[in-house]
Amino acid sequence: MVLKIRLARFGKRNKPIYNIVVAQARSARNSKPLEVLGTYDPIPKPAPLGQGKPFKDIRLDTARAKYWLGVGAQPSDPAWRLLSMIGLLEPKYNVQKMQQKAMEQEQEVQSEQG
């Protein structure tokens, strides 16, 4: 039984709200999940007291998320991004590391040519 941590879309048209759920990999997006871990609201809300940047609301039961990750549930790419924002997973793509690798490759090419 392959388990996935993924997003299930709810809400109105043009105003989505996503549930972060644990479901079987072969089930449909909005079918009944095994467990709902939290919610994600992608529409930015204004900062409190008008100071700072707008924020997107993420509510997650971290203890249950750690449990499901420990059991072997595989997060989808959007779920991976949200879990890495919270600090449960390492970011898949780190821009600084990618730029550093590109610079190293350029240096290798230049050393081979020169």
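Is Y67 buried, exposed or partly exposed? With a relative accessibility of 41%, Y67 counts as partly exposed, where buried means under 20% relative accessible area, exposed over 50%, and partly exposed in between (1.4 Å probe, protein chains only). The model is a predicted one, in which local features need pLDDT of at least 70 and side-chain atom pairs count only at pLDDT 80 or more, while totals for chains, interfaces and linings use all residues. Residues are numbered from 1 along each chain as its sequence is written, and side-chain values use heavy atoms, with hydrogens and water left out.

Now for the strands. Strands (E, at least two residues) are DSSP runs, numbered from the N terminus, and two of them pair if DSSP finds at least two bridges between them. Strand β1 (residues 3–12) and strand β2 (residues 15–24) run antiparallel, joined by 10 bridges. Here R9 stands opposite Y18, and F10 stands opposite I17. The hairpin of β1 and β2 has 2 residues between the strands, and N14 takes a positive phi near 65 degrees there. On to β3 (residues 35–45): 5 bridges join this strand to β2, again antiparallel, and N19 has T39 as its bridge partner in β3. With β5 (residues 74–75), β1 runs parallel through 2 bridges; K4 is partnered there by Q74.

R6 also sits in β1. R6 is buried yet has no salt bridge, and the nearest side chain of opposite charge, D77, is 13 Å away. For a salt bridge, a side-chain nitrogen of Lys or Arg has to be within 4 Å of a carboxyl oxygen of Asp or Glu; in terms of charge, Lys and Arg count as positive and Asp and Glu as negative, with His and the chain ends not counted. What the side chain of R6 does reach is the backbone oxygen of A28, at 3.1 Å. Leaving aside residues up to four places away in sequence, R6 touches several residues, including N19, S27, A28 and S76, contact being heavy atoms within 4.5 Å.

Then there are the rings. Across the whole structure, a search finds 2 aromatic pairs (rings of Phe, Tyr and Trp, the last by its six-membered ring, with centres within 6.5 Å; planes under 30 degrees apart are stacked, over 60 edge-to-face, the rest tilted). Y18 and Y40 are stacked, at 6.3 Å centre to centre and 25 degrees between the planes. Y18 belongs to β2 and Y40 to β3, so this pair ties together parts 22 residues apart in sequence. Y67 and W68 make an edge-to-face pair, because their ring centres are 5.2 Å apart and their planes at 70 degrees. W68 counts as buried, at 12% relative accessibility.

Methods
Helix = DSSP H or I, 4+ residues; strand = E, 2+ residues; numbered from the N terminus. Polar contact = N/O pair within 3.5 Å; in protein donor to acceptor, adjacent residues only side chain to side chain.
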